[in-house]
Structures are given as structure tokens and as C-alpha cells.
Amino acid sequence: MPKLVIATNNPGKVRELRDLLAGCGWDVVGPRDLGLELDPAETGATYAENARLKAQAFADASGFAALADDSGLEVDALGGEPGALHHEHGWDGRNNEERIRILLDALKDVPSDRRTGRYRAVVTVVLPDGSSLEEEGAIEGVIVDTPAGHEGFGYDPVFFLPSRGRTMAQLSPEEKNRISHRAVAALKLYDRLKQLAPRYE
């Protein structure tokens with residue numbers, strides 16, 4: 001069974017993607033399983049560019065296929081900010097609470113019906129022969145003023161899902177992993193990976 005390295009140092013993300021891709025015909029491993037320590041710079045201007053940079057770095061270092069994602073929050077009233085360039089545009093605080101405060105300050109004069117937005121993710125796989133696969137996923141929501149819930153991370157406590165009547169941070173990890181932007185993109189890759197697996201055994 002060919003190996004697929006999840007190109008992240010976040011053990012929670014490795015577990016999530018390993019669960020999502022179970023049965024896809026690849027041995028899904030994390031960097032720690034291979035003794036890899038990498039922290040590629042995310043210098044791209046888009047989610048796709050950053051995902052490709054990370055996947056390529058881990059593929060080159062390991063000699064195996066590598067999967068990486070890049071994602072962000074896009075708020076319509078803020079012209080799509082924080083978005084893929086949040087690191088450069090002053091959206092990143094020292095912790096999750098500060099990031100949420102910066103976001104809510106930017107939206108303080110925006111009425112609730114105009115606070116629509118989405119989490120968007122791009123997932124890229126770089127294969128051993130240098131070819132790549134890419135899929136995108138998104139989940140729509142509304143930014144609310146009062147944080148609620150203790151699961152998840154980032155903006156999850158203020159990202160409200162009208163279809164569920166809860167914020168992303170109020171979902172169980174299992175429920176979030178079924179509907180998240182990253183899950184949507186990863187599941188689109190599932191069948192493509194399964195078809196390709198025999199080629200790399």
C-alpha cells in the first residue's frame with residue numbers, strides 16, 4: 001500500500017484526514033510517523049498556492065505522496081477578508097481570542113443580515129511522479145457577536161451555521177469533520193486517490 005503523508009504538524013488535522021481517507025487505498029501517515037520535521041513558509045497568494053507549497057515540501061522530503069490543505073475565513077462585508085492573505089493583512093492576533101476580537105471590531109457597524117461568509121479550503125496532493133490533484137470545499141455561515149462553544153479553533157466560536165442552529169465550535173469533532181470545508185475537499189479527493197493507489201504500489 002503506497003504511503004500518503006499528511007503535510008501538517010497539527011496532530012488533530014492528521015487524525016481528521018486519516019479518518020476521512022480511511023479505505024482510500026493509501027497508508028495515510030503523519031510527519032511524526034516518518035521522523036519528519038518541516039515547517040514550509042506559506043508564501044503563496046492563494047489557498048491553492050500555499051497548499052501546493054506545503055505538499056511539495058513534504059513530498060520532496062519524504063519521497064512519498066503528500067497531502068496539504070490551506071484554508072481561511074472569507075467575510076462578504078469585508079471584501080473576502082481575512083482570506084488567504086490573513087497573515088499579511090493584520091488579521092492574526094496572538095491567540096484565537098484576539099483574532100476573534102479583531103474580526104468583530106471590523107464588523108461592529110455591519111448589520112447581522114450582512115455578516116455572511118464562508119470557510120474555504122483547498123486540498124492538494126503531490127504524487128511521487130510530480131503530478132498533483134486538487135479539490136476545494138466550502139461551508140457557508142454567518143458571523144455572530146457572541147462566541148459560543150469550546151470545540152474547534154480559530155473563528156469557530158463566532159461562525160454560526162444557520163442550517164444547524166449552532167456555531168462551528170458547538171459541533172462535536174465528529175460532526176464538524178463530516179461537514180467542514182476541509183472534509184468536503186478531502187472527500188472529493190477520495191475516489192481519485194482510490195483509483196490511483198495501484199499505480200504507486
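The model is predicted: local features need pLDDT of at least 70, side-chain atom pairs count only at pLDDT 80 or more, and totals for chains, interfaces and linings use all residues. Residues are numbered from 1 along each chain as its sequence is written, and side-chain values use heavy atoms, with hydrogens and water left out. Seven strands form an open sheet with mixed pairing, in the order β2-β1-β3-β4-β5-β6-β7. Helices (H or I, at least four residues) and strands (E, at least two) are DSSP runs numbered from the N terminus, and two strands pair if DSSP finds at least two bridges between them.

**Sheet and strand pairing**

- The edge strands, each pairing on one side only, are β2 (27-29) and β7 (166-167).
- Strand β3 (residues 65-75) runs antiparallel to β4 and is joined to it by 10 bridges; D70 stands opposite V122 in β4.
- Strand β4 (residues 116-126) and strand β5 (residues 132-143) are antiparallel and share 11 bridges.
- Strand β6 (residues 159-161) is antiparallel to β5, with two bridges between them; I143 has F159 as its bridge partner in β6.
- Nine of the 11 residues of β4 are buried, and the strand is mostly covered. Buried means under 20% relative accessible area, exposed over 50% and partly exposed in between, with a 1.4 Å probe and protein chains only.

- Helix α5 lies across β1, β3, β4 and β5 and runs at about 160° to β5.

**Packing of α1 and α5**

- Two packed helices are described by the angle between their axes and the distance between the axes.
- Helix α1 (residues 11-20) packs with helix α5 (residues 181-196) at an angle of about 40°, and their axes are 10 Å apart.
- α1 and α5 are therefore oblique to each other; angles under 35 degrees count as roughly parallel, over 145 as roughly antiparallel, 65 to 115 as roughly perpendicular and the rest as oblique.
- On α1 the contact is made by K13, E16, L17 and L20, and on α5 by R182, A183, A186, L187 and Y190.
- By class, this contact has six nonpolar, no polar and three charged residues. Ala, Val, Leu, Ile, Met, Phe, Trp, Tyr, Cys and Pro count as nonpolar, Asp, Glu, Lys and Arg as charged, and the others, Gly among them, as polar.

**Two buried residues**

- K176 lies in helix α4 (residues 173-179) and counts as buried at 12% relative accessibility.
- Apart from neighbours within four places in sequence, K176 is in contact with G152, F153, D156, M168 and L171.
- L161 belongs to strand β6 and is buried, with a relative accessible area of 2%.
- Not counting residues up to four places away in sequence, L161 touches I139, E140, R166, T167, M168, L171 and I179.
- L161 and W26 are 135 residues apart in sequence and 33 Å apart in space, C-alpha to C-alpha.

How values were computed: Axes fitted to C-alpha atoms, helices over the stretch in contact; angles between N-to-C directions. Contact = heavy atoms within 4.5 Å.
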